[in-house]
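Open your viewer and let us take a short walk together. We will stop at some charged pairs and then look into a pocket.

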Amino acid sequence: SLQNGNAMAAAAAEQQQFYLLLGNLLSPDNVVRKQAEETYENIPGQSKITFLLQAIRNTTAAEEARQMAAVLLRRLLSSAFDEVYPTLPSDVQTAIKSELLMIIQMETQSSMRKKICDIAAELARNLIDEDGNNQWPEGLKFLFDSVSSQNVGLREAALHIFWNFPGIFGNQQQHYLDVIKRMLVQCMQDQEHPSIRTLSARATAAFILANEHNVALFKHFADLLPGFLQAVNDSCYQNDDSVLKSLVEIADTVPKYLRPHLEATLQLSLKLCGDTSLNNMQRQLALEVIVTLSETAAAMLRKHTNIVAQTIPQMLAMMVDLEEDEDWANADELEDDDFDSNAVAGESALDRMACGLGGKLVLPMIKEHIMQMLQNPDWKYRHAGLMALSAIGEGCHQQMEGILNEIVNFVLLFLQDPHPRVRYAACNAVGQMATDFAPGFQKKFHEKVIAALLQTMEDQGNQRVQAHAAAALINFTEDCTKLVLEQVVTSIASVADTAEEKFVPYYDLFMPSLKHIVENAVQKELRLLRGKTIECISLIGLAVGKEKFMQDASDVMQLLLKTQTDFNDMEDDDPQISYMISAWARMCKILGKEFQQYLPVVMGPLMKTASIKPEVALLDTQDMENMSDDDGWEFVNLGDQQSFGIKTAGLEEKSTACQMLVCYAKELKEGFVEYTEQVVKLMVPLLKFYFHDDILQLLNTNHCARVRGPEYLTQMWHFMCDALIKAIGTEPDSDVLSEIMHSFAKCIEVMGDGCLNNEHFEELGGILKAKLEEHFKNQELRQVKRQDEDYDEQVEESLQDEDENDVYILTKVSDILHSIFSSYKEKVLPWFEQLLPLIVNLICPHRPWPDRQWGLCIFDDVIEHCSPASFKYAEYFLRPMLQYVCDNSPEVRQAAAYGLGVMAQYGGDNYRPFCTEALPLLVRVIQSADSKTKENVNATENCISAVGKIMKFKPDCVNVEEVLPHWLSWLPLHEDKEEAVQTFNYLCDLIESNHPIVLGPNNTNLPKIFSIIAEGEMHEAIKHEDPCAKRLANVVRQVQTSGGLWTECIAQLSPEQQAAIQELLNSA
């Protein structure tokens, strides 16, 4: 027993150590905390669990230490369950389960009990097996017992566990559905305990969200909504917005659940939003419900125009909620209005609602309100009216475009408003409209808008007046010099940027002063001014061009270099850095190759900025709640209680830096070579960043690496290839995805045969297959949405946008396959077979024309690059291809005709009978009445070219003598440049072999041939560096030697045609 006593004493001492460790983990001292974290990490899993449970159980231990232990145990189960739990002996597992339930029942302190319930929920989540069996039946029994217990604490515990893990019933859920519903209803009606009502409402929401695809369940649980809405209302007045937040989540994820009680939901949100006794956060959340629905269920909300009409004045009222601020006009730093102010929230809500519901509905409702506000003697209403006008521009784009002239004239009046903040709002409106209605806005109104500015700027003797003009535009009084200077500089830059070469006369007026600012504005508080001035100089340089700017270029470069050398002493958040980086890139554009000498100085800071490591974190929802107040973080919900957080500060700069690298690589090409490697090493890991897409552009500019020779390029390619393929599989943003796919296809074209290994092929095959399957699935989903009860024409518009996006990705799949076929030829066919059924599906008659077009393009590549082996698949594509030559859609006709042309050119003998069959079909298209109209001409030219290829490559399949005269009458081609070259080359073959039908008896056809050549030259159908141009010129020169014939040919040409022949002779 002595031994036992010793062991117990040792264990107690260890546990004591552990309490100290928990204390240190909470220490504000970084060194202590880091040390404690390392010690904690090194404790083996089973001991961790024992110590943590012991600490949680010990009610005499310090409150913070117990809470910390609870958080750590939950984290351990959520992040390392599979490493720790299954290895525990089964009696220990059983002990942990019963221990947890025991502690919940003993715990008296409510926030601690919640934390222990979180642990139980986490354990339950991990104890549901693959088939959905819950392997902790005692846990379920505990839920059932507790929820109907007399003890409020236990009822809370049961609801908290269910809220945290609504999937706890696993595959028994359907069986218990009525029981679950009864539990929730019962708790929602608990009149004595508001906390139970709140928790059961949150649990209901969590359950609905966890079953977001189960429409039958929504119907079954629809009658819980009135109780839920009641709880939303009650909890708000107890200063708890958690249920309201749940309602926002439902509106965001499962808006259809609200449909049976939508009117009530909207009325409640409207009431809470308008209740000034609630705090701002709650009112904004209530508004968020309506705004979110306008984004996730616009068609459903458009049916409730009465609510929308009442919401608009609410938002406008919020926008009027502004503070009087004596010092506003003189405040030195432009403070961003508080992000959580009602005014900012109202404005953002209005913007989103206009975009969600569309201008057709919103503009008529809001127009009168804004007009009245603008006539209000109180400045706050005029300010709000102008801000509202800025906010709806994007959503009401089409509707406002028609009346833009009146709007602009009206807004410009407010640039003279007596109140400075109204003038500010007017500038904001002008600036916002310039963005929303570009480039038409600039074209139509630049006179009016810039007039006020330029008119006064022309007073050359008086710089005070000039400064005042810019200040008036940016609407501040003259006393705040530094701020005004910053604004003036920005105005000058934007004027230069807009006016371009028209700015030249003002160049000498401004440049000396600007250089003066850069030289002398060295104090810390002038950093922003100096940065903006550097930007302004480089923009002016770009506007007026190299010749005018060259006189100052070397001065400016010296000034920049001086700043650059002090760069290493700059603080990381120095505002000049980002301006400097952009200015360098503009200087590079202006100076071109002459910029290369400065690269060594520039690249250091640029690479430093481009490689800022963004802070990212993978958090579960509980942790996120504690962080969401921390500013500068953005979260992306990954589902399943996980969120991805990224600190966006620094990302903008990083993105700018990446854009600059692209700019240098593009402008300097070979001159950039020595930096390519480090840039690629930096860029590839960034492919994982969905947040900024400039990073991808760089991969496209990899051409400068070619200078370094093949081994170097291969190394770089291997480094990039895996990352590119991964990114194609995982990138969620379709714009970024299409960029990546485009880059990938380009790279394969450059690298050629052998650039992909078997693993690459296997992974890529799987990804392309998934992309095509997703393409078909999305089409089906759109069809389903067209059947929806809330379907309307605006839904149709957005479906068509989605459709365009999808087709764009399909074109990129086709690009990638094209680059693979052209590099690998028939070797790649066995790999292609996994995609074959999907491509065949694309060309089925019932599919939309873009599907058929791109499906045919893929088969065109198979024929062109993989023949004669391609005939193996002819049964899948030949019939459709022949049929589609006469399709209604010109795009489909073009793809089919191109295919028949390459079939004649590259297909083996097996294809001969089909060439014979194709000819009359092609002729029918060429001879139809409207074959030369703008939308048909490309398809027709591909048909003409295909006829030429059949005669050239399979002459024994058709009667060449009979077809040739027709074919000549259809020439020249001028829209499709590639096919034009093919037909001209064939024409040269025929002329050079003195073909009697082409030349005609006694060369009588030569004038016709001359006019064909002249027309081709006039339409620039053939580039002069193309060997074909030389052949055509030689034909002409041969005729030139026989005097009479030459005169006769030239005489029949118009003056333009004669000039064209001369041009050809001079240049080829």
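A salt bridge here is a side-chain nitrogen of Lys or Arg within 4 Å of a carboxyl oxygen of Asp or Glu. You are looking at a predicted model, where local features need pLDDT of at least 70 and side-chain atom pairs count only at pLDDT 80 or more, while totals for chains, interfaces and linings use all residues. Residues are numbered from 1 along each chain as its sequence is written, and side-chain values use heavy atoms, with hydrogens and water left out.

Start by selecting Lys256 and Asp788: they form a salt bridge whose closest N and O atoms are 3.1 Å apart. The two sit 532 residues apart, Lys256 in the loop between α13 (242–253) and α14 (262–274), Asp788 in the loop between α38 and α39. Helices are DSSP runs (H or I, at least four residues), numbered from the N terminus.

Next, select Lys245 and Asp241, another salt bridge, at 3.9 Å from N to O.

Finally, go to the second largest pocket, with about 1300 Å³ of space. Of its 42 lining residues, the closest to the centre are Thr296, Ala298, Ala299, Val795 and Ser798. Colour α39 too: this helix gives the largest share of the lining, 8 residues. A pocket is an open set of points on a 1 Å grid over the protein atoms alone, where a 1.4 Å probe fits, with protein on both sides within 12 Å along at least five of seven lines; lining residues have an atom within 4 Å of a point. Volume is the space filled by probe spheres set on the points, which are joined across faces, edges and corners.
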